[in-house]
Amino acid sequence: GALESTPRRRFLGSRHQSLAYADRAMPIDCGQTISQPTIVAMMTEALDVEPHHRVLEVGTGSGYQAAVLARLASEVYTIERYRSLMRYAEDRFKALKLDNVRTRIGDGFEGWVEMSPFDRIIVTAAAETIPPALADQLGEGGAMVIPVGLRGAAQHLVKVTRMEGQLSESTLCAVRFVPMIHGVAEQL
Ligand code: SAH
């Protein structure tokens with residue numbers, strides 16, 4: 001339902017409109033990609049969001065995944081390292097009246113400590129290992145879905161959960177994501 005009510009074409013540039021509903025990843029600005037709808041659906045399902053949840057997303061990109069989450073969660077906090085991508089994403093959130101999305105230009109490796117703890121964390125770029133700050137900002141009973149793997153090598157979607165303070169990990173499936181990169185982008 002959340003995917004159905006989120007118009008994917010609004011998150012793609014004019015050159016890519018004809019393939020907006022194809023089940024494939026598509027290029028967005030700054031050399032980044034919007035994930036394949038099946039992957040967005042699978043990650044969203046794995047995240048197991050409840051209506052009262054506060055969710056952190058790392059890697060706003062086009063804003064599509066955040067928009068899907070905004071229909072399921074109480075609040076979505078999303079971080080992006082490119083200002084220009086974020087400006088477009090913010091316009092889309094406004095146009096779709098998704099006023100429960102908060103945005104921040106920053107380094108997702110650091111999370112968003114002022115707004116933590118989070119019930120759910122989703123990372124939409126691949127990390128070599130689970131960023132410690134994100135694990136720290138996961139609340140009790142919380143869960144994080146993140147692609148983990150070396151750049152150019154095999155990556156796996158990992159679900160990290162915190163139960164009675166203890167973190168545990170399970171591997172969901174093989175995936176391919178753009179890498180998480182440290183720091184805020186110099187380029188606009
Ligand atoms: N969720 C997005 C997918 C974007 S691709 C969508 O639905 O369109 C991954 C995004 O992660 C890129 O926009 C990239 O710039 C961003 N990213 C990579 N490393 C990051 C970091 N350290 N902090 C914040 N964003 C990061």
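Accessible areas come from the Shrake-Rupley method with a 1.4 Å probe.

**Figure 1. The whole chain, with its surface and its overall dimensions.** This is a predicted model. The accessible surface of the chain comes to about 9300 Å², and carbon and sulfur atoms account for 50% of that surface. Along the principal axes, the C-alpha atoms fill a box of roughly 45 × 35 × 30 Å. Why does a radius of gyration of 15 Å agree with a compact globule? For 188 residues, such a globule would have a radius of gyration near 16 Å, so the value for this chain agrees. Of the 188 residues, 51% are buried.

**Figure 2. The order of helices and strands.** Let us walk along the chain. You can find four helices and nine strands here. Starting from the N terminus, the elements run β-β-α-β-α-β-α-β-β-α-β-β-β.

Figure 3. Seven strands make up an open sheet in the order 5-4-3-6-7-8-9, and their pairing is mixed. Strand 5 (101-105) and strand 9 (166-175) each have a single partner strand, so one side of each is left without a neighbour in the sheet. From one strand to the next, the twist averages 15°. In a regular strand, side chains alternate between the two faces of the sheet.

Figure 4. In which sense do strand 4 and strand 5 pair, parallel or antiparallel? Strand 4 (residues 75-80) pairs with strand 5 in the parallel sense, over five bridges. Look for Val-76, which stands opposite Val-101 in strand 5. Helix 3 (residues 83-95) packs on the sheet and touches both strand 4 and strand 5. The direction of helix 3 makes about 170° with that of strand 5.

Figure 5. The buried residues of helix 1 are Pro-37, Ile-39, Val-40, Met-43, Thr-44, Ala-46 and Leu-47. What covers these buried residues? Their cover includes helix 2 (64-70) along with strand 3, strand 6, strand 7, strand 8 and strand 9. Just after helix 1 comes Asp-48, with a positive phi of about 55°.

**Figure 6. The hairpin of strands 8 and 9.** Strand 8 and strand 9 pair in the antiparallel sense over nine bridges. Together they form a hairpin with two residues between them. In the turn, Glu-164 has a positive phi of about 45°. Met-163 stands opposite Gln-166 in strand 9.

**Figure 7. Gln-137 in its loop.** Look for Gln-137 in the loop between helix 4 (132-136) and strand 7. Is Gln-137 buried or exposed? Its relative accessible area is 5%, so Gln-137 is buried, the cut-off for buried being under 20%. Leaving aside neighbours within four places in sequence, Gln-137 is in contact with Glu-110, Gly-111, Trp-112, Val-113, Ser-116, Pro-117, Phe-118 and Ile-121.

**Figure 8. Two cysteines, Cys-30 and Cys-173.** Cys-30 has a relative accessible area of 17% and is therefore buried. Cys-173, with a relative accessible area of 23%, is partly exposed. How many disulfides are there? With a disulfide taken as a pair of cysteine sulfur atoms within 2.5 Å, the count comes to zero.

Methods: Residues are numbered from 1 along each chain as its sequence is written. This is a predicted model: local features need pLDDT of at least 70, side-chain atom pairs count only at pLDDT 80 or more; totals for chains, interfaces and linings use all residues. Side-chain values use heavy atoms; hydrogens and water are left out. Two strands pair if DSSP finds at least two bridges between them. Axes are lines fitted to C-alpha atoms, for helices over the stretch in contact, and angles run from 0 to 180 degrees between N-to-C directions. Contact means heavy atoms within 4.5 Å. The radius of gyration is taken over C-alpha atoms; the globule rule is 2.2 Å times the number of residues to the power 0.38. Buried means under 20% relative accessible area, exposed over 50%, partly exposed in between (1.4 Å probe, protein chains only).
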